[in-house]
Amino acid sequence: MKPLILIVEDEAPIVTLLRYNLEREGFRVIEAADGDEALLQAEERKPDLILLDWMLPMLSGIEVCRRLRRAGENKAVPIIMLTARGEEGDRVRGLNSGADDYITKPFSPSELIARVRAVLRRAHPSSDAEALYYGDLTMDLAAHRVKRGERDIHLGPTEFRLLRHFLEHPGRVFSREQLLDTVWGPDVYVEPRTVDVHIRRLRKALNEGGGDDLIRTVRSAGYALDAAVAA
Ligand code: CA
């Protein structure tokens, strides 16, 4: 059965946007406009994932998150917090209170879907581990194949591992050092500049057929898989 997503958000336009994009990707959606209703819905409907806004009337998102984590049956339900851009402290507190991930508003639909899929995959490692998705990008892990839309993308082994790492953490910014550690391994000595070379190759391969640049360069910080923020 299609995963059931509970949206907890009091702003109707955002609920509409979330619902539209989730349903288009085949998810089932239920809603709650405040914290109490969220707890009730979670109890009754047993969602597969909860999208939880930080700013809610009465009970805050973070309090809802804490209560869900304390409560019996919903203890392990994956929770993604929605936060305002730049509220670094909120994100840390959200993750500390038991959220699995966060999405900053405004978010792009492709980032939203990628995060939801990634968190669901982590919660159920076997159910959807065959492929990774982001926007129009698909990575078939078993066949070792990458496609953008209908176009096959040919990658070297390092670019493949880099892209896989980005697809597993969409939207996250990684420094060159972090990428070296996770993609090349901590014992391999290569210059941080080597990362730039492989990013350049990856970017070229992904963008050859046109379409938006999916790799974001963050000056002096690193790189992220991040489509243009559209919402
Ligand atoms: Ca809100």
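Tutor: Surface first. By the Shrake-Rupley method with a 1.4 Å probe, where for residues only the protein chains shown count as cover, carbon and sulfur atoms hold 50% of the accessible surface of the protein. The total comes to about 11,700 Å².

Student: What kind of model is this, and which limits apply?

Tutor: Residues are numbered from 1 along each chain as its sequence is written, and side-chain values use heavy atoms, with hydrogens and water left out. Local features need pLDDT of at least 70, side-chain atom pairs count only at pLDDT 80 or more, and totals for chains, interfaces and linings use all residues, since the model is predicted.

Student: How many of the 231 residues count as buried, in percent?

Tutor: Buried means under 20% relative accessible area, exposed over 50%, partly exposed in between (1.4 Å probe, protein chains only). Of the 231 residues, the buried share is 47%.

Student: How many helices and strands does the protein have?

Tutor: Both are DSSP runs, numbered from the N terminus: helices are H or I with at least four residues, strands are E with at least two. The protein comes to 8 helices and 11 strands.

Student: What is the radius of gyration of the protein?

Tutor: The value is taken over C-alpha atoms, and the globule rule is 2.2 Å times the number of residues to the power 0.38. For 231 residues that rule gives 17 Å, and the protein is close to this, so it is as compact as a globular protein of that length. Its radius of gyration is 18 Å.

Student: What is the strand order in the open sheet of 5 strands?

Tutor: Two strands pair if DSSP finds at least two bridges between them. The pairing here is parallel. β2 (28–32) and β5 (101–105) are the edge strands, each pairing on one side only. The order is β2-β1-β3-β4-β5.

Student: Which strands does helix α1 touch?

Tutor: Contact means heavy atoms within 4.5 Å. Helix α1 (residues 12–24) packs on the sheet, and its direction makes about 165 degrees with that of β2; axes are lines fitted to C-alpha atoms, for helices over the stretch in contact, and angles run from 0 to 180 degrees between N-to-C directions. The strands touched are β1 (4–8), β2, β3, β4 and β5.

Student: Asn 21 is found in helix α1. Is Asn 21 buried or exposed?

Tutor: Asn 21 touches Pro 109, Leu 112 and Ile 113, not counting residues up to four places away in sequence. Its relative accessibility is 3%, so Asn 21 counts as buried.

Student: Which residues are the protein donors of the calcium ion?

Tutor: Donors are N, O and S atoms within 2.8 Å of the metal (3.2 Å for Na, K and Ca); water is not among the atoms, so sites may look incomplete. The donors here lie 2.1 to 2.8 Å from the ion. They are Glu 9 (OE), Asp 10 (OD), Glu 11 (OE), Asp 53 (OD) and Met 55 (O).

Student: How many residues apart are Glu 9 and Asp 53?

Tutor: Glu 9 lies in the loop between β1 and α1, Asp 53 in strand β3. The pair links distant parts of the chain, with a spacing of 44 residues.
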